[in-house]
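Please look through the sequence and the model below before reading on. The report that follows takes each chain in turn and then turns to the place where they touch.

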Amino acid sequence: MGDVIQSVLAPAGIQAARIAHLWWVMFWVCTVVFILVVGAMAIAVTRGRRGASDAGHRVLSRNVAIATAASIAALLVLLTHSVVTGRALETLKTPDALRIQITGYQWWWDVEYLNPQPSLRAVTANEIHIPVGRPVGLTLLSSDVIHSLWIPNLHGKIDLIPGRVNEMWIQADRPGVYRGQCAEFCGLQHAKMAITIVAEPPDQFEGWVAHQREPAPPPTLPSQQRGLDIVERGPCAMCHTIAGTTAGGRTAPDLTHIASRSTLAAGTVPNTRGYLAGWIVDPQHVKPGNKMPPLALSSSDLQALLDYLETLK
Amino acid sequence: MRAAACALIVAVLACGACEREQRRYTELPAAADRSTSVRLTTLQPGMPQAQPPEQSPYQYNAYGIAEGKRLYNAYNCSGCHAMAGGGAIGPALIDDKWIYGSAPDQIFSTIKQGRPDGMPSFGGHIPDQQIWQLVAYVESMAGLVSQDAAPGRNDDQMAKKPEARKEDTRPKQTGHR
């Protein structure tokens, strides 16, 4: 779904680049050590034991000393790189960074763009947009069990733990669509708990976030109005919020701009009218065990509901 | 030795048939469909209709009761009946007093249709399946379901014991308060 492969070896940001660098250092050090050890063993096997002479003893103790020194040197190189990388990962913290709060739920991500001024906050789910080249501080919370956020192209994993506030600092240096996922087994649909990260130029991002702050547009066509009635008077409003309407449930993803997202059900299926209809009528078939109950809607009600939801750009 | 092995196999098979662990995500037993409202009389024209179930289909189902426990907070039952069910502006659910009856179908009607003086009607807002899960959970709060199916722990910090450790309370009908 992204235009980039999801891999730690394809870093798109400074944090992931540091981790990838550490990975390559470890890879080459271990490769050299492996070749040396196998080579030494091959020599030992082919040449065999040559009498316990004084000269032999001297060679042996010299070789042991060299091997010990080389091992310590290699360990020091790795340790230094690890410490340097760990410290470097902390340097992205800046007070003027963009702050986003991500809360893990079984099995989706709640996203809130924080701002000291409450009217400038924006709420969405399962998809975040970030400006290229600007540090982003993610505040990580969990509402139920332990989750872990892993966006391999941007950073390593950080756990989302109930009752604890964790932080992650990322920065995308190239525009693109990156995929993140839950990296800590969190229940039945752990595998279908993905998050989309869209890195875009700052002015484009500002436009996006300004739009996300807007309430849902009022319906214009009669069928859309009927769809809104179904949302407000039916089961949807019990769990979902659509800003600008009376739907204010807080236990399920915010739907205010559902039509602007690329996927449904945390990256499970693409966001098209057909998939949306299937998800509403039989969510337990698409993602068995998820918390959305199947809804008994007549086909005309379903079409009206879809007409309305499609206006939530 | 053979007798012991046979007994073990029988025990394992019995566990396999256990209702407790079954997770029914979509279907509900057809008999559990109680979309018609509660009937005040058995008199009716024509052939009698199938009797609605008297028990919640989730009575022996640990997953269903645990879901009820989650929904109890998600649908804000806890807003009036308190998180631990001790009651606030709504009556307590963990005691032995039942204003509108403790039978599962009576609890179902209470949730689905609402009751005078404050209990809202959730019919049309919550699928019947989830109402039955809530019924099973409300029963478990008063110790009316089997202990091996009732929730054995609380997700949030709270003073009350988990439902599985609740003593059975003999329900008594109190009429309107």
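Among contacts in chain A between residues at least 6 apart in sequence, what percentage join residues at least 24 apart? The value is 65%, where two residues count as being in contact if their C-beta atoms, placed from the backbone, lie within 7 Å.

This is a predicted model, in which local features need pLDDT of at least 70 and side-chain atom pairs count only at pLDDT 80 or more, while totals for chains, interfaces and linings use all residues. Residues are numbered from 1 along each chain as its sequence is written, and chains are lettered from A, with ligands numbered from 1, in the order in which they are written.

The table sets out the two chains, with helices (DSSP runs of H or I, at least four residues) and strands (runs of E, at least two residues) numbered from the N terminus. A residue is called buried if 20 or more other C-beta atoms, placed from the backbone, lie within 10 Å of its own.

| Chain | Elements | Buried residues |
|---|---|---|
| Chain A | eight helices and twelve strands | 31% of the 313 residues |
| Chain B | five helices and two strands | 29% of the 177 residues |

Chain A has a radius of gyration, taken over C-alpha atoms, of 27 Å, well over the 20 Å that the globule rule gives for 313 residues, so chain A is more spread out than a compact globule; that rule is 2.2 Å times the number of residues to the power 0.38. Along the principal axes, the C-alpha atoms of chain A fill a box of roughly 100 × 40 × 35 Å.

Within chain A, strand β6 (residues 147-150) pairs with β7(A) in the antiparallel sense over four bridges, where pairing requires that DSSP finds at least two bridges between the strands. A hairpin of six residues joins β6(A) to β7(A), and A:S148 has A:D159 in β7(A) as its bridge partner. Strand β7 (residues 157-160) of chain A has A:I158 and A:L160 on its covered face, whereas A:K157 and A:D159 are on the uncovered one.

Finally, eleven residues of chain A are in contact with eleven residues of chain B.
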